[in-house]
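Student: Could you go through this protein with me? I would like to ask questions as we look at the structure.

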Amino acid sequence: MTRRTYNQYCGLAYALDVVGERWTVLIVRELMSGPKRYSDLTSSLEGIGTSLLATRIRQLEDRGIITRRQLPPPAAVLVYQLTDTGRELAESLMPLAIWGIRHQLSHTRSPDERYRAEWSLPVIASLIDRHAIDSVTGTIEFRIDNTAAQLHLHDQQVDVLAGQAHEKPDATVTTDAATLTAVGAGRLDLPSALADGRITATGDPSILQVLVTSLTAPATPSDSEKPTPSR
């Protein structure tokens, strides 16, 4: 298959050569929460089609964004995961995701819109001050709209893991997707959501304080309050 290109000597154009095709960024998003089997990707990316998924995976492998490996027994299955280059790409996508929730995602989720908790958590993880978790280690389980995912804090890092924790988490946060989106967008701060019950949190106070500190932000300025770019 001939790879399409903008044929422009520009970093943004070259980046779009890699991620500009439909579904490509969402495959990267799925792997932000850890290695996935091919069947995991087909399940979470409903509508992509197996042939197109195989093509996108091959393109990402060719670009050095993802790699495959065999899990050791007893699992012994093939999984796909981000490379170091892929993780760098994932980090670069967080400002785009934040732009999306600030400017395009202000509505309550409609019944036909699919959702998984691990789709929200990379944004939340990107907002956590790494200096604030210098001496904090633990797992926060998020229960959002009947789905679950985790943030694992360790060594000034925050890892996103899909699904419920295998062991009892150090803290638990329960809410709905629209509320967590509003917090991530800066339209609602975490203390306010905790106070009015839209978010409930239990567990280790030191770990929960990391969230409160990181997600307590001033309201996003309105368009009229933003500086006007020079012409």
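Student: How much area is buried between domain 1 and domain 2?

Tutor: About 1000 Å² is buried between domain 1 and domain 2, and carbon and sulfur atoms give 65% of that area. Buried area here is the accessible area, taken with a 1.4 Å probe, that two parts lose on being put together, summed over both. Keep in mind that this is a predicted model, in which local features need pLDDT of at least 70 and side-chain atom pairs count only at pLDDT 80 or more, while totals for chains, interfaces and linings use all residues. Residues are numbered from 1 along each chain as its sequence is written, and side-chain values use heavy atoms, with hydrogens and water left out.

Student: Where do the two domains run, and how many residues touch?

Tutor: Domain 1 covers 11-104 and domain 2 covers 117-214, with bounds that come from an automatic or database domain assignment. Their C-alpha centres lie 23 Å apart, and 11 residues of domain 1 are in contact (heavy atoms within 4.5 Å) with 13 residues of domain 2.

Student: New topic: what is the volume of the largest pocket?

Tutor: The largest pocket holds about 860 Å³ of space. On a 1 Å grid over the protein atoms alone, a pocket is an open set of points where a 1.4 Å probe fits, with protein on both sides within 12 Å along at least five of seven lines, and lining residues have an atom within 4 Å of a point. Grid points are joined across faces, edges and corners, and the volume is the space filled by probe spheres set on the points.

Student: Which residues sit closest to its centre?

Tutor: Of the 29 residues lining the largest pocket, Arg 29, Ala 97, Ile 101, Leu 105 and Trp 119 are closest to its centre. The lining divides into 18 nonpolar, seven polar and four charged residues, where Ala, Val, Leu, Ile, Met, Phe, Trp, Tyr, Cys and Pro count as nonpolar, Asp, Glu, Lys and Arg as charged, and the others, Gly among them, as polar.

Student: And which helix gives the largest share of that lining?

Tutor: Helix H5 does, with seven residues. Helices H2 (24-31), H5 (84-103), H6 (117-127) and H7 (177-185) each supply at least two lining residues; helices (H or I, at least four residues) and strands (E, at least two) are DSSP runs, numbered from the N terminus.

Student: Is H2 mostly buried or exposed?

Tutor: Six of the eight residues of H2 are buried, so this helix is largely enclosed by the rest of the structure. Buried means under 20% relative accessible area, exposed over 50%, and partly exposed in between, with a 1.4 Å probe and protein chains only.

Student: Where is the second largest pocket?

Tutor: Both domain 1 and domain 2 give residues to its lining, so the second largest pocket lies between them. Its volume is about 610 Å³, and of its 20 lining residues, Met 32, Arg 87, Val 158, Asp 159 and Val 160 lie nearest the centre.

Student: Which peptide bond is cis?

Tutor: A cis peptide bond joins Pro 73 and Pro 74, with omega about 10 degrees, and Pro 74 is in the loop between strand E1 (66-70) and E2.
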